[in-house]
Amino acid sequence: MQHTLEERVLAFAGIVQACKLVQQVARTGRADPSAYQASINSLLITDAERSEDIYGGLAGVALGLRELIARFSGAQQHDMEITQYLLSLLHLERKLVKQPQYMQRISEGIDQARIQSTHFEPLHRNVIANLAGLYKDTVSQIPPKIMVSGEHGHLQSSENADKVRALLLAAIRSAILWRQCGGTRWQILFQRKKMIAAANQLLNRIHAA
């Protein structure tokens, strides 16, 4: 199946968005509400017909598209934290897909979380804790572990720690989607202008809707 640049950019924006939200929670204890909801929901949607449906529509990944443009255009070169999260997650995703026992565990855990979310709601603390535990039991077991920086008080909160792990799992989900759409590290290095243009087009569609 031939995938488009737009699909790859959408999935990559999903990774960037989850990383940005990790940073927000770690630094401030809060996350952009609509972006957070879209990123968490992306874990529970596994039968979408289009890539954008995974995020509840294009608007669900608007934060990620804006962050992608800012980073690739050089506007945020000083902030290497998100870039480090991004590169680490892409590296872990490659290792994860070679571990079928972890992939199976994640699939089963996502199914459980989806059922759980029908009894509560997707952002309920119990669902987030379930997703966080899934990350801890699988991705976190693969070295090197991602070290999240932030305010000690916020990271000490078990609720915030769960949000961070659930968002890291969402980032892995988008990384897998990006690879499935034909994404490679070479594109990050050599197709930045094309990716910025595609991201701008997607944002224009959001604003026109």
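Which helix holds the place of Ser174?

## Ser174 in helix H8

Ser174 lies in helix H8 of this predicted model. The residue counts as buried because its relative accessibility is 1%, and buried means under 20%. Setting aside neighbours within four places in sequence, Ser174 is in contact with Ala11, Gly14, Ile15 and Tyr55.

## Fold and overall dimensions

The chain contains ten helices and zero strands. Read from the N terminus, its elements are therefore written as α-α-α-α-α-α-α-α-α-α.

For 209 residues, a compact globule would have a radius of gyration near 17 Å, and the 16 Å of the chain agrees with this. The C-alpha trace spans about 40 × 40 × 35 Å along the principal axes of the chain. Among contacts with a separation of 6 or more, 79% are between residues 24 or more positions apart.

## Nonpolar core

The largest nonpolar core has 67 residues, and Phe12, Ile15, Leu65, Leu131 and Leu169 touch the most other members. Two or more residues of this core come from each of helix H1 (5-28), helix H2 (33-44), helix H3 (62-72), helix H4 (80-96), helix H5 (100-119), helix H6 (125-137), helix H8 (158-180) and helix H10 (192-208).

Leu131 illustrates the packing. With residues up to four places away in sequence not counted, Leu131 touches Ile40, Leu43, Ile110, Ala113, Ala166 and Leu169. Leu169, in turn, is listed with Leu131 among the core residues that touch the most other members. Ile15, also in that group, is one of the contacts of Ser174.

## Leu203 in helix H10

Leu203 is found in helix H10. At 8% relative accessibility the residue counts as buried. Its contacts, not counting residues up to four places away in sequence, are Ala62, Leu65, Arg66 and Ile69. Leu65 is another of the residues that touch the most other members of the largest nonpolar core.

Leu203 and Ala59 are 144 residues apart along the chain, while their C-alpha atoms are separated by 8.0 Å.

## Burial, surface and charge

Of the 209 residues in the chain, 50% are buried. The chain exposes about 10400 Å², of which carbon and sulfur atoms supply 51%.

There are 24 positive and 18 negative charges in the chain, and the mean positions of the two sets are 7 Å apart.

Terms used:
Residues numbered from 1 in each chain as written. Predicted model: local features only at pLDDT ≥ 70, side-chain atom pairs only at ≥ 80, totals over all residues. Heavy atoms only, no water. Helix = DSSP H or I, 4+ residues; strand = E, 2+ residues; numbered from the N terminus. Rg over C-alpha atoms; globule rule 2.2 N^0.38 Å. Buried < 20%, exposed > 50% of the residue type's maximum accessible area, 1.4 Å probe, protein only. Contact = heavy atoms within 4.5 Å. Areas by Shrake-Rupley, 256 points an atom, 1.4 Å probe, with all protein chains shown as cover. Lys, Arg positive; Asp, Glu negative; His and termini not counted. Charge placed at Lys NZ, Arg CZ, Asp CG, Glu CD. Core = buried A, V, L, I, M, F, W, Y, C linked by side-chain atoms within 4.5 Å.
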